[in-house]
Each structure stands twice: as C-alpha cells, then as structure tokens.
Amino acid sequence: MSRPARILVVEDDRVVARDLRQQLGHLGYQVVGVTARGEDAAALARSTSAELALTDIRLEGAMDGIDAAQEIRLACDIPVVFLTAYADDETLRRARLTEPFGYLLKPFEDSQLRTAIEMALYKHANDRKLRESERRYAATLASIGDAVITTDEAGCIRYLNPVAERLIHCRADAALGRPLAELYRVSDEETGPWAQAPGAGLMLHGPGREPVPIEQSVSPLIDERGKVTGSVLVFRDLSHRRTVEKELRDAQAELARVSGLTTMGELAASIAHEINQPLAAIVTNASAGLNWLRRPQPELAEVEQLLGWILADGSRAAGVIKSLQALARKSGPELARLDMAATIHEVAQLMRPDIQRHGVRLQLGPFAAQSHVLGDRIQIQQVLVNLLRNGIEAIRDSTGGSGADSSRLLVVSTAPGEAGEVAICVTDSGDGVAEAHRERLFDAFFTTKPHGMGMGLAICRSIVEAHQGRLWATPVAPRGLRLAFALPAAPG
Ligand SMILES: Nc1ncnc2c1ncn2[C@@H]1O[C@H](COP(=O)(O)OP(=O)(O)OP(=O)(O)O)[C@@H](O)[C@H]1O
Ligand SMILES: [Mg+2]
C-alpha cells in the first residue's frame, strides 16, 4: 500500500475527536493534527502538510466549519470532507458553495469513513489533473500566433485567446457568452455575402473598423458520445502577408519598367554602335567620289564603283537596323542556311581597311568540313564584325610581344562543335582580359576602352542566344584571347 494519507481533523467535541483519531488510525491513515477551532484550521493544515481535512460543520468559536473549509481550500488547496449530525437547508447551501468533496453523517461506520476519504482524495487528484491540463491548453492557445475562438453549440463564445482578442477588438471578459455575430462577421472577398465557410480569401468585419483579410478554419467540438457541443474557429490575419505581396508586385512592376527602359536604351545604343561602321564607310567613299568628280577629267568609272559601295553600305545599315529591331522585339531571327566559311570571308572583306590600318595579320581558316549553320545572315555578320573589331583593337592596344611569331595575328576559324553544332573562333594575340573582368565581358555597357561603348559583346550574346547558340571567351597561351560561338549546324 502507498504511504498513508495525512489527515487534519477539525472537531470541537473532544470525545468525537478522540474516537475519530482512533478510527482513522485503524483504517491506516495518519492524523497529522487535531483542532477544535475553525480559526486555527487553515494554518494547521499548511504547517502539517495535510492532504485532506475532516471538518465538523458546527464549531464552537466564531468561525464555523464551512468558513474554515473555505480558508483551508484557499490556503493549501486540499479536499475537505464535512462531518455533521444534522444540517438545515441554509447550512447545506453554504457548504455546497465551498465545493466540498463529501459529507459524512454522524454516526458513521469505518467503511463509510474510508469511502468518503478515498473518494475525496481521488476526486481532488482528478480535478487537479484537469485543471493542470486546462492551464496547459490555455497557455498553449495563448502563445500561438493564430487567433482561436471556441463556441458552444448556440454559437456563443466560450473562449478566445489574446490574438483573437486583438483581431476582433474585444477583450475576453466582454466577449465571453456573446454570440459571434455580435462581435464580427466574415464575408467572402470575391462573392461578398456573409460566409462562415473555411478557407482563405475572407474578410473579417467588426463594428467601426476596416475589414481585415483572413484565412479561417472551423472544426466542430464533439463530446465522447459523438454529440456536437460547439466549434473551434482558427483565423490567421493576412494583412501583413497582403502588404508583403503587394510590395513584391510593385517591385516586380518596377523591375519590368526598368528592364523595359534598359531594352529601349540598349536598342538605341546597339543601333548607334552597329551603324557607325557602314556610316563611316559611306562618308569616306562619298568624299572620295567627290574628289574623282572634281578632277579636270572626272573619273566616272571610279565614281560609279564608289557609288556602288555607298549603295551596298547604305543597304547594309538599313539591314542592321531592321535586324536589331527584330532582336529587341524578340521576334526571332530569320533563319537561312549559311556557309560560315563564306560569311567569314565577306566580313573580312568589310573589315579590310581596319585590318590594314593596324598592321594586323589576318588568317582565315582552318574551316571544318561542314561549316553550314542555320542563321540570320545580317545578324551573324554583325557578330563577326564585333568579334573581329575587338580582336583588332586588342592587337592595336597590345603592350608587348612585337616581333614574336604570334604577334599581331588574328585567326578566324571554324570547327565541329558539340553535338550538331558548328563552332566559330576568333583568336587574337592581344593582351587578353584581366581575371577580374572576365565575368563582366558580356554585360551591356561594360568597357575598358576610353572610347568604347561596351555594346559589342552584349549585342553578340543577344544574337547568338536568339539563335539557340552559345558564346564564350577563353584565354590563349602564351597571349591573347579566343572568343568563340557555336550555332546549330544546318541539316544535310
Ligand atoms: N579580344 C579581346 N581581348 C581583350 N579584351 C577584350 C576582347 N574583346 C573584348 N574585350 C574586353 O571586353 C570589353 C567589352 O567588349 P565590347 O565589345 O562589349 O565593348 P567595347 O569593345 O569596349 O566597346 P564597343 O561597344 O565599341 O564594342 C572590352 O572593353 C574589353 O575590355
Ligand atoms: Mg567591341
């Protein structure tokens, strides 16, 4: 058997008190104190660590057993069993208010005494467990971030946690017992009518307040017999999430606007960049033509040839503008079967004046046996023009190595690329590119040249990617840089 329960006896009849002490001893309980005065009972219960009090209702002093029981409960929360020989209705009503754990009518048998004590101890232990578990639930519900409300079956509030108090702007003491509908209503954000359905897209309306967007779940409370005794409503305030979502949308819109601007800015820059070369050629050829015409004997054959070139450069400039506009619209290149070896020769021809001016030795080839690709002729020419121009400029600006075999050499070649591709390589013997700049080479407006726009490689990348191709740079030993791009090979 477990340790004997510690019992306090509050009884003013000395004989009864003595008998009771004996009786309890027989039954295996430990009497830890006996007092005849209600006034002393609570202090004694505490000092003796009593676990139960047996209290006569009628006591001699100013304080009767009922008042004493109340003090004992307040002082040490132990069960009280009343002893009485007789009690009028009023006394019993008062006794009931102190939540007694049992009554024993004098005289009583051992078995009745034991039953009353055991029942009281058992019930008290159970009550304590229940209170603890309720406290635990209340603490849990108070600490969670969601609003929780429980109602009875009539929809009146039985409990609400602090988050719910804040959400419906009503303190628990004012809300308890009131029907939900008096405090707030929920509407569907889209369809409007009052709704109690679970889900998101709901608005919570309270008197005199802005509606709050919420997400709600509702579950029935069901007792052990399967009867619905109320419901649990859990809400989440979505205001913060909505604000964040809106900020995100605004930021995205702003980003789209800015990148739209960038595209416009890049288009303008690209046109300016690409049109320079044919314009310069037109101006040079036109002034040369004028010179031939102004001679005493005008050289009409020369003028005719120059006008032919002006025409060709003018049409090329128009073509470049058209293809850059198409690129900016992302309308996709006009693909045709293109022989890269031939295209490289055409571009080399265009670049000849620059090549000669800077003393660059140009080597065309080797070329892959199959170097046909699918591409937009003007656009692929532009890529080559830009890569060749960069190569020429790298050689022009190179700081050393003159005289060596590899010096001032620019090689344009093709090779079979990865599955189904043709790779085109432009390799120069310039100073190469600093490690720190390698990442930014292809960014629009990135340049290390005093008069550069930084658009060449950005345009190349846009064009190559629009062709489903790739563009990359590799350092070359002992000096120089290779810019290469791969395009899908033309079938057959
Ligand atoms: N062949 C190369 N060798 C060394 N550096 C290169 C080479 N090609 C490009 N670069 C580096 O990459 C940068 C960007 O090249 P990109 O062609 O985009 O612009 P840019 O040549 O500076 O100006 P532009 O708009 O007139 O072409 C260059 O400024 C240079 O620093
Ligand atoms: Mg360039």
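Hi everyone, let's start with two helices: α2, residues 38-47, packs against α3, residues 65-76, at an angle of about 25°, and their axes are 8 Å apart. Angles under 35 degrees count as roughly parallel, so α2 is roughly parallel to α3. Keep in mind as we go that this is a predicted model.

Which residues make the contact? On the α2 side they are Gly-38, Ala-41, Ala-42, Ala-45 and Arg-46, and α3 brings Ala-68, Glu-71, Ile-72, Ala-75 and Cys-76. As for handedness, α2 passes α3 in a right-handed crossing.

Now to the nonpolar cores. The largest one has 42 residues, and the members that touch the most others are Met-340, Leu-384, Leu-387, Ile-424 and Phe-485. Several elements supply at least two residues each to this core, among them the helices α9 (239-294), α10 (300-328) and α11 (340-357), and the strands β15 (409-416), β16 (421-428) and β18 (481-488). Which helix gives the most? That would be α12, with 8 residues. In domain terms, this core takes at least three residues from domain 3 (244-331) and at least three from domain 4 (333-492).

If you have the structure open, please click on Leu-387. Leaving aside residues up to four places away in sequence, Leu-387 touches Val-426, Leu-457, Cys-460, Leu-483 and Phe-485.

There is also a second, separate core, this one of 20 residues, including Ile-157, Tyr-184, Leu-204 and Val-212.

Definitions and conventions. Residues numbered from 1 in each chain as written. Chains lettered and ligands numbered in written order. Predicted model: local features only at pLDDT ≥ 70, side-chain atom pairs only at ≥ 80, totals over all residues. Heavy atoms only, no water. Core = buried A, V, L, I, M, F, W, Y, C linked by side-chain atoms within 4.5 Å. Buried < 20%, exposed > 50% of the residue type's maximum accessible area, 1.4 Å probe, protein only. Helix = DSSP H or I, 4+ residues; strand = E, 2+ residues; numbered from the N terminus. Domains from an automatic or database assignment. Contact = heavy atoms within 4.5 Å. Axes fitted to C-alpha atoms, helices over the stretch in contact; angles between N-to-C directions. Parallel < 35°, antiparallel > 145°, perpendicular 65-115°, else oblique. Left-handed = near helix turned anticlockwise from the far one by under 90°.
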